[in-house]
Amino acid sequence: MDNYEFNELIKTLKNKVNNIASIIKPHDIEKRLKEIEELENSPSFWSDVKQAGVIGKEKTKISNLLKNYENAFNAVNDASELFDLANDENDEQILKSLFDDASKLEDTITSLEISMLLSGENDSKNAIVSIHPGAGGTESNDWASMLYRMYLRFCEREGFKVETLDFQEGDEAGLKDVSFLVKGENAYGYLKAENGIHRLVRTSPFDSAGRRHTSFSSVMVSPELDDDIEIEIEEKDIRIDYYRASGAGGQHVNKTESAVRITHMPSGIVVQCQNDRSQHKNKATAFKMLKSRLYELELMKQQDANNTNEKSEIGWGHQIRSYVLFPYQQVKDNRSNEAFSQVDNILDGDIKKMIEGVLIALKNQS
């Protein structure tokens, strides 16, 4: 990097910070934080625990956003002033240090952009994730299993906790269906970018002739709803089935109909849960999953988006991302148009940068 390139970078980053400031309005955030502080000092504030909790979450969210903005604003301005000073004094050592730290400066602005993009109403919530294989039997079941492992590794990297809600093994390999709850700050904000069809191209380990196969799996992500959000479900619109849980769980699980499947007939949404030995608890969890899916479906309708919750077309032309392992190695997201060659790392859960690229691309397209 030379002086001209760094100067152009500073201009670009300043423009980004100014654009973000026009959106988040830091002075309005400061004003709101003062209002919250006054509310907290009121003796009656803590008498309404529920409302206090809502305001507390708001305070945390906007405080973090303001902090990230101030860090980015100060970092860019400090670098700009130091660059001008080093140029005036022909200080090559400081200039080299600035050039070496340029990528860190860009990362600071990216962090601000992501903070802004994850400030939506549901972004801070936990996420309910379901993975369903497409047509293709063992191939697709194995691909669904690979995606499941990728998300578990991603959650481990980010410090998210995972609770399996439903898991059905494939007949020969992989899995038929899996649903899990991801708990952590901005879990839904990040994982919502994974909502859609994922395509895999590889030489099949299940094909003795070593032919290339293409497999598809759908990933559906919904925010875990707070108890204060009401979703009406009429009894006539649902069918509840009870069945014996499959897989690990001991004799009790396998001999009693503790697993629960709920079908919402108007939408075609099906949810199931078998993570607990108690049929009652599984039923309560399944209803929570259904409410989250219906809520997500309504949000998508309001945004005039395509309903990726429908599983009718898990195949060609509908994928959000392609993972190619043969004849070359590349992961390409169709929304950000970014391509990555470190396929093994991505399948091992290193997907945060890829997700952030999607979030930024979708924001720019809106």
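1. Basis. The model is predicted: local features need pLDDT of at least 70 and side-chain atom pairs pLDDT 80 or more, while totals for chains, interfaces and linings use all residues. Residues are numbered from 1 along each chain as its sequence is written, and side-chain values use heavy atoms, without hydrogens and water.

2. The sheet. Eight strands form an open sheet with mixed pairing, in the order E2-E3-E1-E5-E4-E9-E10-E11. Strands (E, at least two residues) and helices (H or I, at least four) are DSSP runs numbered from the N terminus. Two strands pair if DSSP finds at least two bridges between them. Strands of a sheet pair through backbone hydrogen bonds, either parallel or antiparallel. The edges are E2 (161-169) and E11 (339-340), each of which pairs on one side only.

3. E2 and E3 (residues 175-183) run antiparallel and are joined by eight bridges. Opposite Glu163 stands Leu181 of E3, and opposite Thr164 stands Phe180 of E3. Five residues lie between the two strands of this hairpin, and Gly174 in the turn has a positive phi of about 65°.

4. Helices on the sheet. H6 lies across E1 (127-133), E2, E3, E4 (196-203), E5 (212-223) and E9 (319-324), and runs at about 45° to E5. H9 (residues 279-302) also packs on the sheet, where it touches E1, E2, E3 and E5; its direction makes about 95° with that of E5. Angles run from 0 to 180 degrees between N-to-C directions, and axes are lines fitted to C-alpha atoms, for helices over the stretch in contact.

5. Glu139. This residue is in helix H6 (residues 138-158). Is Glu139 buried or exposed? Its relative accessible area is 9%, so Glu139 is buried (under 20%, with a 1.4 Å probe and protein chains only). Apart from neighbours within four places in sequence, Glu139 contacts Arg202, Ser204, Phe206, His213 and Ser215; contact means heavy atoms within 4.5 Å.

6. H3 and H4. Helix H3 (residues 49-88) packs against helix H4 (residues 92-100) at an angle of about 150°, with axes 9 Å apart. H3 is therefore roughly antiparallel to H4 (the term covers angles over 145 degrees). Ala79, Leu82, Phe83, Ala86 and Asn87 of H3 make the contact with Ile94, Leu95, Leu98 and Phe99 of H4. Eight of the contact residues are nonpolar, one is polar and none is charged.

How values were computed:
Parallel < 35°, antiparallel > 145°, perpendicular 65-115°, else oblique. Nonpolar A, V, L, I, M, F, W, Y, C, P; charged D, E, K, R; others polar. Buried < 20%, exposed > 50% of the residue type's maximum accessible area, 1.4 Å probe, protein only.
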